[in-house]
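Subject: Structure handover

Hello,

Here is the structure I promised you. Please open it alongside this note and follow along.

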Amino acid sequence: MSRFVPREPRRRYAASSPRSLWRKLLDYGLAILLLGLLILVAARLDRFETRKEQGTAIVNDGDSITLGTERIRMRGIDAPEYQQTCQKAGADYPCGKLARQSLVRLISGRPVSCSGWQRDRYGRLLGDCRAGDTDLNRSQVQAGWAVAFGDFETEEAVARAAKAGIWAGTFEGPRQWRDSHRDAPVERKHGVLVSFGDALREFVRFW
């Protein structure tokens with residue numbers, strides 16, 4: 001005698017309702033947004049590629065130079081702006097110009113090499129720079145003509161204790177000075193004649 005096995009009822013699947021117009025627009029919008037992000041990432045990949053520049057430096061101020069066509073802001077330090085003044089013994093003095101002169105002396109006419117991968121909001125390469133065996137970023141802080149800006153805190157502490165450079169008196173932080181002098185140029189441009197003057201001044205000082 002055969003056993004009767006009841007058949008399972010057939011499953012019925014309802015046809016999926018077509019996507020609404022707004023859902024389609026949302027999907028298309030998300031796809032376009034994702035594509036745009038991918039394009040943006042591809043366009044910014046150069047930020048993660050270390051760039052190396054070298055040559056004769058034009059010193060713009062105490063923490064920025066130009067090598068060829070590349071404008072470079074020295075990473076991890078912040079020097080007084082070229083037009084900035086500081087105070088010592090109750091009088092103002094041009095600490096921004098002296099900070100630039102300090103960097104000129106550190107370079108001493110030697111070729112400069114810089115490397116970095118980030119850029120600041122002005123498009124300048126944030127670089128670690130050297131002239132021969134001299135680490136220019138570190139040396140500017142050690143000489144007291146730049147403050148630590150994310151690095152070189154130990155060097156700053158030593159310069160402060162020795163009252164070197166701007167630490168011999170009082171000064172407004174370069175960042176605060178920029179905030180209160182928004183109409184001042186970011187950096188002073190220096191051409192070939194000024195660079196020649198720098199070299200001549202260092203030659204006379206040496207002799």
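This is a predicted model: local features need pLDDT of at least 70, side-chain atom pairs count only at pLDDT 80 or more; totals for chains, interfaces and linings use all residues.

Arg110 is found in the loop between H2 and E8. Arg110 counts as partly exposed, because its relative accessibility is 31%. It touches Ala131, Gly132, Asp133 and Thr134, leaving aside residues up to four places away in sequence. Arg110 also sits 8.3 Å from Ala57, C-alpha to C-alpha, although 53 residues separate the two in sequence.

Another loop residue to look at is Tyr122. It lies between E8 and E9. At 37% relative accessibility, Tyr122 is partly exposed too.

Overall picture

The protein chain has six helices and eleven strands. It runs to 207 residues, and 33% of them are buried. Take the contacts between residues at least 6 apart in sequence: 58% of these join residues at least 24 apart. The accessible surface comes to about 14,400 Å². Carbon and sulfur atoms account for 58% of that surface.

The core

The largest nonpolar core holds 30 residues. Ile65, Val112, Cys129, Leu136 and Ile166 have the most contacts inside it. Several elements each supply at least two of its residues: strands E2 (57-61), E3 (64-67), E4 (70-74), E8 (112-119) and E9 (125-131), plus helices H2 (95-107) and H3 (136-142). H2 gives the most, with five residues.

What does Ile65 touch, beyond residues up to four places away in sequence? The list is Ala57, Ile58, Val59, Asn60, Glu70, Arg71, Ile72, Leu103, Val112, Cys114 and Cys129. Two of the other top core residues, Val112 and Cys129, are on that list.

Strand E4 and its partners

E4 is mostly covered, with four of its five residues buried. It pairs with E3 in the antiparallel sense, over four bridges. Within that pairing, Ser64 has Arg73 of E4 as its bridge partner. The E3 and E4 hairpin has two residues between the strands. Gly68 there takes a positive phi near 65°.

E4 also pairs with E9. This time the sense is parallel, over three bridges. Met74 has Gly127 of E9 as its bridge partner.

One general point for when you look along these strands: in a regular strand, side chains alternate between the two faces of the sheet.

Salt bridges

The count comes to 13 salt bridges. Start with Asp63 and Arg73, whose side chains meet at 3.3 Å, N to O. Asp63 is in the loop between E2 and E3 and Arg73 is in strand E4, so this pair ties together parts that are ten residues apart in sequence.

Is Asp63 buried or exposed? It is buried, because its relative accessible area is 3% and the cut-off for buried is under 20%. Arg73 is buried as well, at 11%.

Arg73 has a second salt bridge, to Asp78, at 2.9 Å, N to O. Asp78 is buried, with a relative accessible area of 1%. Through shared partners, salt bridges join Asp63, Arg73, Asp78, Glu81 and Arg178 into one network.

A further salt bridge links Arg138 and Asp135. Their closest N and O atoms are 3.7 Å apart. Arg138 is partly exposed, at 31% relative accessibility.

Last, look at helix H1. It spans residues 21-43 and contains Leu25. Leu25 itself is partly exposed, with 43% relative accessibility.

If you have limited time, begin with Arg73. It is the bridge partner of Ser64, it forms salt bridges with Asp63 and Asp78, and it is buried. Then go to Ile65, one of the residues with the most contacts inside the core.

Best wishes

Conventions: Residues are numbered from 1 along each chain as its sequence is written. Side-chain values use heavy atoms; hydrogens and water are left out. A nonpolar core is a set of buried Ala, Val, Leu, Ile, Met, Phe, Trp, Tyr and Cys residues joined through side-chain atoms within 4.5 Å. Buried means under 20% relative accessible area, exposed over 50%, partly exposed in between (1.4 Å probe, protein chains only). Contact means heavy atoms within 4.5 Å. Two strands pair if DSSP finds at least two bridges between them. Accessible areas come from the Shrake-Rupley method with a 1.4 Å probe; for residues, only the protein chains shown count as cover. A salt bridge is a side-chain nitrogen of Lys or Arg within 4 Å of a carboxyl oxygen of Asp or Glu.
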